[in-house]
Amino acid sequence: MTYLDKIKSAINENYNIEEVIEHVRRAKTQWDNFIIDDCTVEASIWIKESPAYYDGYYLCLTQHYSKRIAYFEHFDSGCFH
């Protein structure tokens with residue numbers, strides 16, 4: 001939501017805010033699906049449902065979400081000016 005707020009505050013009348021928001025939401029959905037698949041692949045080297053499988057899976061998710069949070073914390077809404 002903070003990311004969308006930054007976009008809304010930076011955007012001017014030359015942009016279609018509804019279209020921008022729709023693309024942001026679609027990108028997030030696709031990214032969520034990607035990391036689930038990516039982390040499932042990474043964890044698959046271990047026996048499914050084993051502690052090692054879940055350790056690998058959740059470590060992967062943590063790493064992906066940490067990168068995504070860092071991206072949004074450093075997002076520069078200046079690209080919309």
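The views below show a predicted model, in which local features need pLDDT of at least 70, side-chain atom pairs count only at pLDDT 80 or more, and totals for chains, interfaces and linings use all residues. Residues are numbered from 1 along each chain as its sequence is written, and side-chain values use heavy atoms, with hydrogens and water left out.

**View A. The disulfide of Cys39 and Cys60.** The two sulfur atoms lie 2.2 Å apart, where a disulfide is a pair of cysteine sulfur atoms within 2.5 Å. The count under this rule is 1 disulfide. Cys39 belongs to helix 2 (residues 17-43) and Cys60 to helix 3 (residues 51-73), so the pair, 21 residues apart, links distant parts of the chain. Helices here are DSSP runs (H or I, at least four residues), numbered from the N terminus.

View B. Cys39 counts as buried because its relative accessibility is 0%. Cys60 is buried too, at 2%. Buried means under 20% relative accessible area (1.4 Å probe, protein chains only).

**View C. Helix 2 against helix 3.** The helices pack at an angle of about 145°, their axes 8 Å apart; axes are lines fitted to C-alpha atoms over the stretch in contact, and angles run from 0 to 180 degrees between N-to-C directions.

Note on methods: Helices (H or I, at least four residues) and strands (E, at least two) are DSSP runs, numbered from the N terminus. Buried means under 20% relative accessible area, exposed over 50%, partly exposed in between (1.4 Å probe, protein chains only).
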